[in-house]
Amino acid sequence: MSLEIREDRRETGLLLSPVGRIDSNTSGELERALLAKGAEPRLVVDLSDVEYVSSAGLRVFLMLARKVKAADGRLALCALPPSVRQVFDLAGFTALFTVESSPDQAFERLSS
């Protein structure tokens with residue numbers, strides 16, 4: 001099963017929106033797509049259309065955070081559905097990321 005990743009270039013930065021499940025079958029695809037964009041000055045990942053995130057998916061987000069930080073960029077996640085938010089909370093990842101309710105709020109936070 002493949003993972004669709006929508007891309008929306010905005011004046012304020014780049015919005016990436018994965019659609020589907022992020023698990024061991026799709027995490028490689030997500031990793032390639034996200035890490036290729038890790039040097040963006042402002043990157044927002046909209047998780048509103050993600051049904052599930054496994055530990056393999058969490059690893060990809062951690063790698064992305066490191067790459068963005070190394071490139072002096074800024075990263076935010078937004079619109080986490082309750083089940084995805086629970087996984088991030090249990091793993092302690094919500095403390096590691098800027099998390100907002102919507103893409104607009106995330107870009108606003110990265111711009112301040």
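**Figure 1. Surroundings of Phe88 in the predicted model.** This close-up is taken from a predicted model. Residues up to four places away in sequence are not counted here; beyond them, Phe88 touches Leu47, Val53, Leu58, Phe61, Leu77, Leu80, Phe93, Thr94 and Phe97.

**Figure 2. The largest nonpolar core and a separate core.** The largest nonpolar core has 25 residues, and those touching the most other members are Leu47, Phe61 and Phe88. Two or more residues of this core are given by each of E2, helix H1 (27-36), strand E3 (42-46), strand E4 (50-53), helix H2 (55-70), strand E5 (74-78) and helix H3 (82-90). H2 supplies the largest share, five residues. Another core lies apart from this one; it has eight residues, including Leu15, Ala76, Ala79 and Ala106. As a general background, nonpolar side chains in soluble globular proteins tend to be buried together.

**Figure 3. Helix H2 and the elements packed against its buried residues.** The buried residues of H2 are Ala56, Gly57, Leu58, Val60, Phe61, Leu64 and Val68. They pack against E2, H1, E3, E4, E5 and H3. The length of H2 can be checked by simple reasoning: at 1.5 Å a residue, its 16 residues should span 22 Å, and this agrees with the 23 Å between its end C-alpha atoms.

Figure 4. At the start of H2, the backbone nitrogen of Ala56 has a side-chain oxygen of Ser54 within 3.2 Å. Just after H2, Asp72 adopts a positive phi of about 60°.

Figure 5. Glu100 belongs to strand E6 (residues 98-100). Its relative accessible area is 19%, so Glu100 counts as buried, the cut-off being under 20%. The side chain of Glu100 is joined to that of Arg109 by a polar contact of 2.5 Å. When neighbours within four places in sequence are left aside, Glu100 is in contact with Leu77, Cys78, Ala79, Gln105, Ala106 and Arg109.

**Figure 6. The hairpin of strands E1 and E2.** Strand E1 (residues 4-10) and strand E2 (residues 13-22) run antiparallel and are joined by seven bridges. Together E1 and E2 form a hairpin, with two residues between them. Arg10 stands opposite Gly13, a residue of E2.

Notes:
Residues numbered from 1 in each chain as written. Predicted model: local features only at pLDDT ≥ 70, side-chain atom pairs only at ≥ 80, totals over all residues. Heavy atoms only, no water. Pairing = 2+ DSSP bridges. Helix = DSSP H or I, 4+ residues; strand = E, 2+ residues; numbered from the N terminus. Core = buried A, V, L, I, M, F, W, Y, C linked by side-chain atoms within 4.5 Å. Buried < 20%, exposed > 50% of the residue type's maximum accessible area, 1.4 Å probe, protein only. Contact = heavy atoms within 4.5 Å. Polar contact = N/O pair within 3.5 Å; in protein donor to acceptor, adjacent residues only side chain to side chain. Expected span 1.5 Å × (residues − 1).
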